[in-house]
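Please look over the sequence and the model before turning to the points below.

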Amino acid sequence: MKMSSLVAYDDSQSEDESCDQKEEGQTDSAGCNNADLMPRPVGSVTDQTVLGHHRGAAEQRSSSLHVYPKLQHCSGREDRHFKDSSATLSFPKSVSDGSNPAKRPPSALPGVRPYVPKRQRLTQSEEAKDPENLSEHGSENQTRKSPILSDVSSRVKPYLGEKPKSAGIPRKLLMSLEGHQGPVNTVQWCPVPHISHLLLSASMDKTFKVWDGAESGRCLRRYTCHSGAVRDACWTPCGRQLLTGSFDNTAVITDVETGQPRVKVDNQFKVMCVVLHPSSPDVFLCGGYSSVVKAWDSRSCKVVKAYKAAIQQTLDILFLRGGTDFITSSDCVSRDSADRTLIAWDYQSTAKVSNQIYHERYTCPSLALHPLEESFVAQTNGNYMALFSSQMPYRMNKRRRFDGHKVEGYAVHCDFSLDGAILASGSSTGSAHFYDYQSTHVLHAIQAHSQPCLCVSQHPVLPATAATCDWGGEIKIWH
């Protein structure tokens with residue numbers, strides 16, 4: 001019998017093809033290819049017992065073969081092998097016995113990276129971008145075990161049984177809260193007195209958080225319900241849920257304790273502002289990059305009313321006392337836009353009540369209602385706050401305006417104190433201004449931030465306490 005050249009194939013597919021070609025071209029079942037006599041991989045099925053007639057043939061040709069201490073693979077059939085008499089082969093018991101079909105252990109080849117699941121890759125990338133997240137998540141996991149709505153701050157507790165005092169002006173920095181990775185659009189204290197130490201913040205980094213703004217300054221909860229920037233956020237009257245609007249077109253009602261979304265609706269436009277109905281908290285309004293303001297019922301998750309106007313976007317929504325009327329501000333600044341800058345709507349009929357409210361060519365990024373009097377203010381890009389009556393025909397008071405701060409295109413918010421005596425506003429210069437409501441004079445100004453101060457929120461219980469936030473993602477508590 002003439003011996004053909006021996007060729008080794010590491011690839012099983014190449015072996016099969018060469019075996020098939022050999023079977024078709026030759027009738028000799030003992031004909032073999034020249035090989036380096038490579039052994040089969042450990043994970044393949046190998047027959048340790050060598051067939052007798054192949055053993056005899058191998059011994060007869062042992063003098064003419066160069067011996068390798070490896071297994072010779074026959075090209076006639078996949079399950080036939082030659083074994084050199086001088087080669088010593090050892091196989092794992094799991095393979096030789098055939099009783100334990102264990103998987104081949106993974107081999108670390110040079111230049112080959114192991115597979116990492118997608119979820120793990122995303123987690124690693126987020127931690128790499130935000131190195132503070134690791135410690136922050138650790139503290140959040142510890143605080144998540146204990147409820148936050150049942151705790152009463154020791155700083156707030158002495159003021160709960162007393163008659164509300166007159167509001168004061170904060171002058172000193174109490175603490176700084178850091179953790180947001182983008183501009184903080186708004187901050188708001190919880191309206192429920194016994195848990196009013198909780199501070200809500202909404203940021204362009206797609207998250208909103210609840211902080212202990214009275215004592216520790218810790219982040220108690222971090223919510224990631226949105227895939228876009230969180231543009232607006234507010235507490236529900238009970239203090240157990242949060243309403244947020246985002247650039248991902250959704251508005252979400254989230255449980256404060258668990259962080260689970262209770263209601264999630266798609267507006268089909270980027271949401272700029274959200275507000276709850278004052279007498280029916282199950283209904284909320286959404287406005288944004290659309291000519292329509294939608295009213296949603298959180299129980300059915302359906303649009304119950306729609307308010308259409310010839311505008312491009314809605315900047316802010318303010319319900320007047322009783323909830324029968326509300327005001328919207330738009331971005332119209334053209335010469336003939338006097339009837340579209342501020343619009344008063346009837347909630348039930350969806351009709352325009354008045355569109356001749358503000359006649360100057362400035363947009364109004366935010367609105368605020370006086371807690372006691374029948375009036376509201378509008379923050380304008382003319383670097384002043386205008387005062388309006390909250391009753392028809394909603395006339396502007398041209399004798400009183402609050403100026404001294406800068407807006408310059410930023411969505412700067414304004415806020416009244418609980419007794420309505422002080423009106424606070426942020427500024428594009430980074431300062432926080434406090435005005436006397438009656439005289440419109442500046443009582444005090446704090447250089448709170450190095451970047452534009454977007455919001456000032458005065459505490460509903462603690463006197464002379466306020467929270468500020470800026471374009472750089474920093475939050476500060478003043479007292």
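A residue is called buried when its relative accessible area is under 20%, exposed when that area is over 50%, and partly exposed in between (1.4 Å probe, protein chains only). By that definition, Y307 and F326 are both buried. The model is a predicted one, in which local features need pLDDT of at least 70, side-chain atom pairs count only at pLDDT 80 or more, and totals for chains, interfaces and linings use all residues. Residues are numbered from 1 along each chain as its sequence is written, and side-chain values use heavy atoms, with hydrogens and water left out.

**Overall composition**

- The protein chain has 5 helices and 30 strands; helices (H or I, at least four residues) and strands (E, at least two) are DSSP runs, numbered from the N terminus.
- Of the 479 residues in the protein chain, 48% are buried.
- Contact means heavy atoms within 4.5 Å; among contacts between residues at least 6 apart in sequence, 51% join residues at least 24 apart.

**The sheet from β12 to β15**

- Two strands pair if DSSP finds at least two bridges between them.
- Four strands form an open sheet in the order β12-β13-β14-β15, and their pairing is antiparallel.
- β12 (271-276) and β15 (302-308) are the edge strands, each with a single partner strand, so one side of each has no neighbour in the sheet.
- From one strand to the next, the twist averages 25°; axes are lines fitted to C-alpha atoms, for helices over the stretch in contact, and angles run from 0 to 180 degrees between N-to-C directions.
- β14 (residues 292-297) is joined to β15 by 6 bridges in the antiparallel sense, and V293 stands opposite Y307 in β15.

**Aromatic pairs**

- A pair of aromatic rings is described by the distance of the centres and the angle of the planes.
- Rings of Phe, Tyr and Trp (its six-membered ring) pair if their centres lie within 6.5 Å; planes under 30 degrees apart count as stacked, over 60 as edge-to-face and the rest as tilted.
- This rule gives a count of 14 aromatic pairs.
- One of them joins Y307 and F326 edge-to-face, with 4.9 Å centre to centre and 85° between the planes.
- That pair links distant parts of the chain, since Y307 lies in strand β15 and F326 in strand β17 (residues 325-330), 19 residues apart.
- Ring pairs link Y307, F319, F326, W345 and Y347 into a cluster.

**Cysteines**

- A disulfide is a pair of cysteine sulfur atoms within 2.5 Å, and the count by this rule is 0 disulfides.
- C286 has its closest cysteine sulfur in C273, and the 8.0 Å between the sulfurs is too far for a bond.
- C273 and C286 are 13 residues apart in sequence, and their C-alpha atoms are 5.9 Å apart in space.
- C273 lies in strand β12 and counts as buried at 1% relative accessibility, while C286 is buried with a relative accessible area of 0%.
- Leaving aside neighbours within four places in sequence, C273 is in contact with residues including D232, L285, C286 and I317.
- The sulfur of C364 is 9.8 Å from the closest cysteine sulfur, in C414, which is too far for a bond; C364 is buried, with a relative accessible area of 0%.

**The β26-β27 hairpin**

- Strand β26 (residues 432-436) and strand β27 (residues 442-446) pair in the antiparallel sense over 4 bridges, with H433 opposite A445 in β27.
- The two strands, β26 and β27, form a hairpin with 5 residues between them, and T440 in the turn has a positive phi of about 65°.
- Q438 is found in the loop between β26 and β27 and is exposed, with a relative accessible area of 54%.
- Not counting residues up to four places away in sequence, Q438 touches E373 and R400.

- H405 is found in the loop between β23 (396-403) and β24 (414-416), and counts as buried at 1% relative accessibility.
- A polar contact is a pair of N or O atoms within 3.5 Å; within protein, one must be able to donate a hydrogen and the other to accept it, and residues adjacent in sequence count only if both atoms are side-chain atoms.
- The side chain of H405 makes a polar contact of 2.7 Å with that of Q379 and a polar contact of 2.7 Å with that of Y435.
- Not counting residues up to four places away in sequence, H405 touches several residues, among them N383, M385, S425 and H433.
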